[in-house]
Amino acid sequence: MTDNPAEVVEEAAHPPRRSGARWRRTAVVTAVLALLFGVPWWTLVAAGGWPLPVTIAATLLFVGALVLLPTLLFTGHGKHRDLPSALGDALLGTMWVLFVWSVLGNVLRLVLLAAGIEDPLRSRVVAVAVLVVSATLLAWGHFEAMRVPRIRPVDVRIPRLGAGLDGLRVAMITDTHYGPLDRAQWSANVVERVNELDADIVCHVGDIADGTVEVRRNQASPLETVRATSARVYVTGNHEYFSEAQGWLDYMEGIGWSALHNRHIVVERGGDRLIVAGVDDATAEGSGVRGHGEDLATALSGADPGLPVLLLAHQPKQIPQAVAAGVDLQISGHTHGGQIWPFNFLVRLDQPVVHGLSTHGQRTQLYTSRGTGFWGPPFRVFAPSEITLLTLRSA
């Protein structure tokens, strides 16, 4: 199960080598495309009883889009070309929204049928409603995706936290996904907003970019100016392992961040100390990148077991290891809060939490961010982005 509505594209762009698996993947992608385009086509065109020229023109538009989508995505994400990637992502997001609201529009069709509204008026009312709602959500969703995220303040009480660390401010960004759309100015504005928080610790919890450091340096470079009074820390997400995870770790170290590649640092204030640890993403070991793989035991090696632990782990489903190790607070991203409703319900099949603060076991808490940026379709629908400000409170 993928974790956002476009990630199937990333998987399809890197198909399995075995021919049997490749055919199964092709069958799944074909079925998905048939539904993604077929349901809106039937709802907006075929069922409407429109004049023949309108029906033909609209059908040709859908067929053209159906052919264009995989072409753009495979020539874009499959070959790391930005323009077709951006166009394909936008088309994919548009079709997802049209699909969802076409399904809901057919619920409206039943209501109108019960009210005695006859065709073709009934179907045309449904078609217009679906188009208006979809266009509105796409416009609003694009604005939500491209704006600088709002600050989301969250207080987290940690019983083992010493009084000297009470009120410690942890600013969290994640899933910036610098990619096909040049968001260098957005990146600079995000950093400016983070710096206004005057945080003790600033964390980037993975999925920094889609592409290599060389390709995305311009968008990532504002991160060098992030300010924190005690530490700036970073861990890899799953998307780093599509390009060059070690390159991003080296880059972040080079601009003054602590790359927590299965290791920890200690933050001290007022005579009390906090372990800040980080682990590689859950996909790291399977990526084939030598020396990478989630290893919490190594990350905590040599740490005082009596001290509270703040853990950076990209995916919420890494929480069982944190619980077993007695971690006090894990912070994660990855889910994007679903990014485009109702994908959050599908994300929940793969992750224990979609967003927010949750408790696991007797000690461990997990905070899951909706993410600071977006991946794939440049839309956020009912899943606002965030810069999280965690204020740690002692007992």
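Rings of Phe, Tyr and Trp, with the six-membered ring standing in for Trp, count as a pair when their centres lie within 6.5 Å. I needed that before looking at the aromatic cluster in this predicted model: W101, W140, W341 and F382 make up one such cluster.

**Aromatic pairs**

I then looked up how many aromatic pairs the structure holds, and the count is 7. One of them joins W96 and F343, with 5.2 Å from centre to centre and 70° between the planes, an edge-to-face arrangement. This pair ties together distant parts of the chain, as W96 sits in helix 4 (residues 82-114) and F343 in helix 11 (residues 343-347), 247 residues apart.

Next I asked myself: is W96 buried or exposed? W96 has 15% relative accessibility, so I put it down as buried. F343 comes out at 7%, so I noted F343 as buried too.

**Y178 and W186**

I moved on to the rings of Y178 and W186. Why is this pair edge-to-face? Their planes stand at 75°, and over 60 degrees counts as edge-to-face. The ring centres are 6.4 Å apart, which keeps Y178 and W186 inside the 6.5 Å limit for a pair. I checked burial here as well, and both Y178 and W186 are buried.

**A charge over rings**

Staying with W186, I looked at what lies over its ring: the charged end of R183 does, 4.8 Å from the ring centre. I also found the charged end of R183 over the ring of F374, at 4.5 Å from the centre.

Definitions and conventions
Residues are numbered from 1 along each chain as its sequence is written. This is a predicted model: local features need pLDDT of at least 70, side-chain atom pairs count only at pLDDT 80 or more; totals for chains, interfaces and linings use all residues. Side-chain values use heavy atoms; hydrogens and water are left out. Rings of Phe, Tyr and Trp (its six-membered ring) pair if their centres lie within 6.5 Å; planes under 30 degrees apart count as stacked, over 60 as edge-to-face and the rest as tilted. Helices (H or I, at least four residues) and strands (E, at least two) are DSSP runs, numbered from the N terminus. Buried means under 20% relative accessible area, exposed over 50%, partly exposed in between (1.4 Å probe, protein chains only). A charge sits over a ring if NZ of Lys or CZ of Arg is within 6 Å of the ring centre and within 35 degrees of the ring normal.
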